[in-house]
Structures are given as structure tokens and as C-alpha cells.
Amino acid sequence: MHESVETPGGVVAAALELFRAQGFDQTSVEQIAKAAGVSRSTFFRQFGGKEDVVFADHEVLLAELRDFLSEAHPDPWDAVCRASQHVFAHFAHDPELARQRYQVVRQVPALREREIVTVFRYERLFDDYLRRALPGIDPLDAVGFAALVTAVHNHVLRQLLRGTKRVAPTVLQSALDDVRRRYGVLPDAAKDATDDVVVAVFPRAMPIAEVSRRLQTRLEQ
């Protein structure tokens, strides 16, 4: 289903096409509004300026992830990975538009700098969530996991943006599973046995906060 030009998404598409055709600095707000079929005042109500058009999707995604991570999740590590997958799925839904945005950002230093800040906002969101969801977690484990998930996500996303072929969501899923495996927080379904006696074996690399969380969850079952 395609968005009409009058929607914020339609304005973004029109703006990116103009940026690609004539350059970011050479494109005015008036030109974008005219191409999108909206008034100048409508443009400024939806976006603060030209830079905000380029990063509009990220603002929506960050808000969605804040809502998602404000909820209770049985496995906080998995919740962070699911949040990352949500972002990837959004851009993979319309890869041509995502590639167009990527090309525009690459050509404008100010946009590249804002992109760096935007990436850090995702990382900080994941870090803050893990500290809330796992009281007592070593801050290095929280920031390390958040940074690694963000870096792996961006690596897989760049494969999509720099190429011409589809990158399946399973590529990111596999990479994130490896991240959880490295931290010792990937559940092993084969060991899901029940008994009156609980024998717990955890990887040495697993953070203490996660060991405590799993023990408590298991004993409460």
C-alpha cells in the first residue's frame, strides 16, 4: 500500500527525490511543499526543516521503540534484539526509498553528523532499557550489549542500502543470535526440562544480573 503525497511519508518521498535530483542545499522548502502538494505552513507543522524530513522515519521509530521498551518483557536481551529487528523491517519494507535516503545523507556532511547522533540515540535507548529491566546489571554489560546490537544492525542494514538485492530479515536474526550467544544470553530450548531439582549451568560470560534473573524466573515456575 503506497502513501498519498499529502501524508508525511509522501512529503518525505517527494523531498528525497528533489534532494537526489538537484542536491540538498539547492532544494528549498517551497520546492518540497510544491512537489508534495502541501502548503509551506503544513510542511513546517509536519517537519521542523529540511534535515528533519530526511530523519523523519527515525523520529517515528524511536518513539515506537520507547513505547515498546516501556512495557514488561520476559527476556530483556531479546526485547532489545526485537526492537532492532523492528527498525530493520521498516527500512526493508521500502528498500528503494531507504537507499535514496542513504545516498542523500552520504553526500551532505551535516546530515552525516546528524546520522551519527541518531545512531547513538538508539544505542542509548537500549542501554537505558537494560539498566531498568535488569537492576544490578554491570553498566559495561548494558552499554556493551546495546552498542554491539546497534553496530550489528547497522552493518546488516548497510548491506541492504549499498546493494541492489533484498536482504532477508533472517540475516539480522542470525547476527543478533550470535550477539546473544557471545553474551551467554541466548536461551537453549533443548535444556527446557522441568523437575523438582533445578540444576543451573550458565556460560561464564553471562552477566551476573542475567544469571539472577533466570534463576528467579526458574524457581518461580
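Author: Residues 1–6 have a pLDDT that stays under 50, and for this stretch the predicted model has 12 contacts beyond four places in sequence. Over the protein as a whole the average pLDDT is 89, and 91% of the residues score at least 70.

The protein has 11 helices and 0 strands, so read along the sequence its pattern is α-α-α-α-α-α-α-α-α-α-α. Taken along the principal axes, the C-alpha atoms fill a box of roughly 70 × 35 × 35 Å.

Now to the packing. Two packed helices are described by the angle between their axes and the distance between the axes.

Helix 8 covers residues 109–133, and helix 6 covers residues 76–93. The two pack at an angle of about 155°, with their axes 10 Å apart. Because angles over 145 degrees count as roughly antiparallel, helix 6 is roughly antiparallel to helix 8. Helix 6 passes helix 8 in a right-handed crossing. On the side of helix 6, the contact is made by Pro 76, Trp 77, Ala 79, Val 80, Ala 83, Ser 84 and Val 87. Helix 8 contributes Tyr 122, Phe 126, Tyr 129, Leu 130 and Ala 133. These residues divide into 11 nonpolar, 1 polar and no charged.

Helix 8 also packs with helix 5, at an angle of about 5° and with the axes 11 Å apart. Angles under 35 degrees count as roughly parallel, and helix 5 and helix 8 are therefore roughly parallel to each other. Helix 5 meets helix 8 through His 58, Glu 59, Leu 61, Leu 62, Leu 65, Arg 66 and Leu 69. From helix 8 come Arg 114, Thr 118, Arg 121, Tyr 122, Leu 125, Phe 126, Tyr 129 and Arg 132. This contact divides into 8 nonpolar, 2 polar and 5 charged residues. Tyr 122, Phe 126 and Tyr 129 of helix 8 are listed both in the contact with helix 6 and in the contact with helix 5.

Another pair is helix 7, residues 95–107, and helix 9, residues 139–162. Their angle is about 95°, and their axes are 8 Å apart. Angles of 65 to 115 degrees count as roughly perpendicular, and this pair is therefore roughly perpendicular. Pro 95, Ala 98, Arg 99 and Tyr 102 of helix 7 touch Leu 160, Leu 161 and Arg 162 of helix 9. The division here is 5 nonpolar, no polar and 2 charged.

Salt bridges come next. The count comes to 17 salt bridges. One of them joins Arg 213 to Asp 75, with the closest N and O atoms 3.8 Å apart. Arg 213 lies in helix 11, residues 208–220, while Asp 75 sits in the loop between helix 5 and helix 6. The pair thus links distant parts of the chain, 138 residues apart.

Definitions and conventions: Residues are numbered from 1 along each chain as its sequence is written. This is a predicted model: local features need pLDDT of at least 70, side-chain atom pairs count only at pLDDT 80 or more; totals for chains, interfaces and linings use all residues. Side-chain values use heavy atoms; hydrogens and water are left out. Axes are lines fitted to C-alpha atoms, for helices over the stretch in contact, and angles run from 0 to 180 degrees between N-to-C directions. Helices (H or I, at least four residues) and strands (E, at least two) are DSSP runs, numbered from the N terminus. A crossing is left-handed if the near helix is turned anticlockwise from the far one by less than a right angle, and right-handed if clockwise. Contact means heavy atoms within 4.5 Å. Ala, Val, Leu, Ile, Met, Phe, Trp, Tyr, Cys and Pro count as nonpolar, Asp, Glu, Lys and Arg as charged, and the others, Gly among them, as polar. pLDDT is the predictor's confidence in each residue, from 0 to 100. A salt bridge is a side-chain nitrogen of Lys or Arg within 4 Å of a carboxyl oxygen of Asp or Glu.
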